[in-house]
Amino acid sequence: MRQLNTCSERVIKSYVVEDNMPVLVNKVEITDDEVHAEMQHHPAKSVDSARDLAAEALVIRELLFQEAVRLKLSNIKSTKDATEAEIASVIDKLLEQEISIPEADNETCQHYYEQHKESFADKKSGSILPFDLVQKHIQDYIHDKAMRVAVRQYIEKLTRAAKIAGFNMLPQL
């Protein structure tokens, strides 16, 4: 094999080695085969982006599953021993137990409606739909948005407490 002479060749070589580096979540390995199998669920503009999205999804899944095991929410101790349905069920149970989002009250929904009235225009007539017709949709939207934020924060907390190698889950500050 020829020796790498230029800086760019060394950088390219380091990325190739990095690609083959195993991803570890608290000493549990996520293999290249698992990442490549997951890539089909993460369409992206490049193979590298798809691989990163797939690895991130698998790291998050592993973090959540390990936390569920720690909290004794699963008799199955490893994602390697569980089906996708079992993993999803355990993670759902964990999130249901650990994340609580209050329902948006009438005042909060009314405030949202007033701030975003133009988005409640009837497509045919252009007239603004009355609050009573859209209140449940607003309540659901606010709840879903709050849930996404809470889940993201929970994952960030687990990530900070975990030992993850081969993949950077937290943005550089």
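1. The axes of helix H3 (residues 47-70) and helix H4 (residues 84-98) come within 9 Å and cross at roughly 65 degrees. Here axes are lines fitted to C-alpha atoms, for helices over the stretch in contact, and angles run from 0 to 180 degrees between N-to-C directions. H3 is therefore roughly perpendicular to H4, a label for angles of 65 to 115 degrees. The crossing of H3 past H4 is left-handed, meaning that the near helix is turned anticlockwise from the far one by less than a right angle.

2. The model is predicted: local features need pLDDT of at least 70, side-chain atom pairs count only at pLDDT 80 or more, and totals for chains, interfaces and linings use all residues. Residues are numbered from 1 along each chain as its sequence is written, and side-chain values use heavy atoms, with hydrogens and water left out.

3. Which residues make the contact between H3 and H4? On the H3 side they are Arg 61, Leu 64, Phe 65, Glu 67 and Ala 68, and these meet Glu 84, Ile 87, Val 90, Ile 91, Leu 94 and Leu 95 in H4. Contact means heavy atoms within 4.5 Å. The residues of this contact divide into eight nonpolar, three charged and no polar. Nonpolar covers Ala, Val, Leu, Ile, Met, Phe, Trp, Tyr, Cys and Pro; charged covers Asp, Glu, Lys and Arg; the others, Gly among them, are polar.

4. The protein has six helices and three strands, in the order α-β-β-α-α-α-α-α-β from the N terminus. Helices (H or I, at least four residues) and strands (E, at least two) are DSSP runs, numbered from the N terminus.

5. There are four aromatic pairs. Rings of Phe, Tyr and Trp (its six-membered ring) pair if their centres lie within 6.5 Å; planes under 30 degrees apart are stacked, over 60 edge-to-face, and the rest tilted. Tyr 112 and Tyr 141 form a tilted pair, because their planes stand at 45 degrees, with ring centres 5.5 Å apart. Tyr 112 lies in helix H5 (residues 106-115) and Tyr 141 in helix H6 (residues 131-161), 29 residues apart.

6. Tyr 113 and Phe 131 have ring centres 5.4 Å apart and planes at 70 degrees, so this pair is edge-to-face. Tyr 113 in H5 and Phe 131 in H6 are 18 residues apart. Tyr 112, Tyr 113, Phe 120, Phe 131 and Tyr 141 form one aromatic cluster.

7. Tyr 113 is buried at 5% relative accessibility, as is Phe 131 at 10%, whereas Tyr 141 is partly exposed at 36%. Buried means under 20% relative accessible area, exposed over 50%, and partly exposed in between (1.4 Å probe, protein chains only). Buried residues make up 30% of the 173 residues.

Technical notes. Parallel < 35°, antiparallel > 145°, perpendicular 65-115°, else oblique.
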